[in-house]
Amino acid sequence: MGALKAMLLYLIIHQTWKITADDEEWKSATATYVKETNGSIVVEGACGYADLHTATYGKYSAGLSSMLFNRGSTCGACFEVRCVDHILWCLQGSPSVILTATDFCPPNYGLSEDYGGWCNFPKEHFEMSEAAFTEIAEKKADIVPVQHRRVKCERRGGLRFTVSGNSHFYQVLISNVGLDGEVIAVKVKGSKTAWIPMARNWGQNWQSNVNLIGQPLSFEVTTSSRKTLTSYNVAPAKWQFGQTFEGKQF
């Protein structure tokens with residue numbers, strides 16, 4: 001009988017933990033969209049991903065207000081967003097979309113928060129592509145109330161490392177990150193070096209002043225949930241600036 005009680009208690013605790021871990025509470029925000037002929041918002045953004053289609057984010061990309069962008073540390077994170085509380089503009093059933101944070105929506109303090117100043121601090125706002133916006137709301141809407149929550153990022157393939165710089169300045173852009181999507185620490189290792197901590201330059205661009213030319217490169221990436229993934233010898237000794245290499249995935 002004691003064993004049965006213990007088993008029931010374990011199942012209750014396990015299920016409670018699973019709900020807490022998987023279902024983040026919905027939060028209120030607003031959303032608008034930017035018209036783009038190719039379905040994405042921008043080719044260049046504040047996270048450094050360049051062509052969003054090449055980075056696999058495409059139309060499901062979003063610019064975030066200061067409150068959500070957090071000075072770029074949120075780049076790569078995934079949000080589930082749904083239109084709510086507007087019978088005229090929200091699509092029936094409140095369908096949701098999964099968006100990746102790829103850009104910054106700057107404030108405009110010359111305009112009010114409900115007319116153009118949607119990204120003013122401390123507002124939480126998503127600037128979406130037209131294609132993604134019309135999956136949750138009517139195209140005729142200027143701005144809609146939404147709910148959002150952080151979710152796990154589902155990615156195809158491994159982490160992508162795009163290298164740039166010169167012999168005195170080495171930079172790597174990290175994209176296609178699964179799980180949290182939000183990278184908080186990076187280390188690089190050449191065949192002739194120990195592990196070298198890299199500093200965030202901007203967005204998801206990480207830098208080091210060590211000359212790594214001519215060495216195979218390994219990377220250690222840590223996400224916001226403190227999970228670390230190591231990809232060994234991702235780039236061969238003859239790597240070139242401008243190339244992209246694929247590593248493991250969370």
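Colleague: Which handedness has the link of Cys47 and Cys75?
Modeller: In this predicted model, the torsion about the S-S bond of Cys47 and Cys75 is -85 degrees. The two sulfur atoms are 2.0 Å apart, within the 2.5 Å cut-off for a disulfide. The link of Cys47 and Cys75 is left-handed.

Colleague: How many residues apart in sequence are the parts that Cys47 and Cys75 tie together?
Modeller: Cys47 sits in the loop between strand S1 (27-34) and strand S2 (61-64). Cys75 sits in the loop between helix H2 (66-69) and strand S3 (78-83), so the parts tied together are apart in sequence by 28 residues.

Colleague: Is Cys47 buried or exposed?
Modeller: Buried means under 20% relative accessible area. The relative accessibility of Cys47 is 0%, so Cys47 counts as buried.

Colleague: What is the handedness of the disulfide of Cys78 and Cys153?
Modeller: A disulfide joins Cys78 to Cys153, with 2.1 Å from S to S. Cys78 lies in strand S3 and Cys153 in the loop between strand S6 (144-151) and strand S7 (160-166), so parts 75 residues apart in sequence are tied together. The torsion about the S-S bond is about 125 degrees, so the disulfide of Cys78 and Cys153 is right-handed.

Colleague: Which handedness has the disulfide of Cys83 and Cys90?
Modeller: The sulfur atoms of Cys83 and Cys90 are 2.0 Å apart. Cys83 is buried at a relative accessible area of 0%, and Cys90 is buried at 12%. The torsion about their S-S bond is about -70 degrees, so this disulfide is left-handed.

Colleague: What is the pairing of the bonded cysteines in sequence order?
Modeller: The count of disulfides comes to four. With the bonded cysteines of the protein numbered in sequence order, the pairing is 1-2, 3-8, 4-5, 6-7.

Colleague: Which residue forms a salt bridge with Arg149?
Modeller: The whole structure holds five salt bridges. In one of them, the closest N and O atoms are 3.0 Å apart, and Arg149 is one partner. Arg149 is in strand S6 and the other partner is in strand S3, 69 residues apart. Both partners are buried, and the partner of Arg149 is Glu80.

Colleague: Is Glu130 buried or exposed?
Modeller: Glu130 meets Lys139 in a salt bridge, 3.0 Å from N to O. Lys139 is partly exposed, with a relative accessible area of 45%. Glu130 has 18% relative accessibility, so Glu130 counts as buried.

Note on methods:
Residues numbered from 1 in each chain as written. Predicted model: local features only at pLDDT ≥ 70, side-chain atom pairs only at ≥ 80, totals over all residues. Heavy atoms only, no water. Helix = DSSP H or I, 4+ residues; strand = E, 2+ residues; numbered from the N terminus. Buried < 20%, exposed > 50% of the residue type's maximum accessible area, 1.4 Å probe, protein only. Salt bridge = Lys/Arg side-chain N within 4 Å of Asp/Glu carboxyl O.
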